[in-house]
Amino acid sequence: MAIKKPIDARPLVSIVTPCYNSEKFISETIASVQKQTVTDWELLIIDDASSDETVACVQKLQEKDFRIDCIALSENKGPAHARNLGIQKARGKYLTFLDADDLWFPKFLERSIIEAKKHPFVFASYKRLDENLEPYLSDFIVPRKVSYTDILKSNAISCLTAFLDIEVLGKKYMPLIKKRQDMGLWLQYLKKIDYAYGIQEPLAIYRIRRNSLSRNKTGLIKHQWKFYREVEQLSVFASANYLMCWAYKGFVKYRN
């Protein structure tokens with residue numbers, strides 16, 4: 001049965017999902033949103049000029065659920081541009097992100113809203129499974145709170161669980177860089193508030209795909225260095241210190 005749009009409906013939560021050639025996983029990701037105990041949301045899917053059947057998959061589901069909005073770009077511009085377009089179009093009190101191959105447990109929104117009433121920026125722990133949703137690494141349990149300098153040392157806030165009260169904090173946008181766009185957004189907010197607060201219970205599934213770039217720390221060192229120097233404009237000395245912390249903590253994060 002199709003879910004029809006009520007009159008003059010402004011969603012409580014705006015969910016931004018960038019996607020590119022995601023036909024294998026996108027339906028499952030959308031289903032995890034539809035299973036949320038909180039139903040007052042909009043799902044803004046920004047397709048970054050996919051060459052597969054991603055858009056057709058989404059549009060088929062969109063026909064039955066008004067809360068899904070598919071925006072198909074004609075030119076591939078990268079995830080930062082796609083997420084920023086989603087942020088721009090977001091109408092909800094709360095803003096959150098979910099990549100096209102990740103999943104939420106049914107109470108993700110419910111638990112996040114409860115915590116966001118206390119703190120305007122929250123994030124949660126998550127399970128780390130492989131492409132087939134089999135155990136891959138141990139659960140990633142986030143710190144109880146993180147500051148600006150904490151994120152510079154190690155980004156404990158994942159896109160799949162970040163949850164922001166944009167009525168309180170306002171809208172900010174990701175830097176248009178190849179890597180570390182999400183980290184750039186979190187740091188903008190953490191220059192405005194002291195802490196983002198973590199939920200220790202795993203509320204999502206991060207799907208670790210074969211040859212995932214996020215696990216190739218050697219290849220990401222240059223992007224991390226460039227981020228410190230060019231985006232945050234840190235000194236060479238400070239950048240070097242943070243890079244050493246980031247490399248060590250990254251090794252610990254993915255060793256089991």
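Two rings of Phe, Tyr or Trp (its six-membered ring) form an aromatic pair if their centres lie within 6.5 Å; planes under 30 degrees apart count as stacked, over 60 as edge-to-face and the rest as tilted. This is a predicted model, in which local features need pLDDT of at least 70 and side-chain atom pairs count only at pLDDT 80 or more, while totals for chains, interfaces and linings use all residues. Residues are numbered from 1 along each chain as its sequence is written, and side-chain values use heavy atoms, with hydrogens and water left out.

**Aromatic rings.** Select Tyr94, Trp104, Phe108 and Phe163, which form one aromatic cluster. By the ring rule, the count comes to 11 aromatic pairs. Next select Phe227 and Tyr228: their ring centres are 6.4 Å apart and their planes stand at 70 degrees, so this pair is edge-to-face. Are these two residues buried or exposed? Buried means under 20% relative accessible area, exposed over 50%, and partly exposed in between (1.4 Å probe, protein chains only). Phe227 is buried at 2%, and Tyr228 is buried at 0%.

**The nonpolar core.** A nonpolar core is a set of buried Ala, Val, Leu, Ile, Met, Phe, Trp, Tyr and Cys residues joined through side-chain atoms within 4.5 Å. Select Phe97 and Phe121; of the 72 residues in the largest core, these two touch the most other members. Helix α7 (residues 181-190) gives the largest share of this core, six residues. Helices (H or I, at least four residues) and strands (E, at least two) are DSSP runs, numbered from the N terminus. Around Phe121, show its contacts (heavy atoms within 4.5 Å). Leaving aside neighbours within four places in sequence, they include Ile157, Phe163, Trp186 and Tyr197.

**Ser14.** Move to strand β1 (residues 13-19), where Ser14 is placed. Ser14 is buried, with a relative accessible area of 0%. A polar contact is a pair of N or O atoms within 3.5 Å; within protein, one must be able to donate a hydrogen and the other to accept it, and residues adjacent in sequence count only if both atoms are side-chain atoms. The side chain of Ser14 makes such a contact with the side chain of Glu42, at 2.5 Å.

**Gln88.** Finally, select Gln88 in helix α3 (residues 79-89). Gln88 is exposed, with a relative accessible area of 52%. Gln88 and Lys171 are 83 residues apart in sequence, yet their C-alpha atoms are 7.9 Å apart in space.
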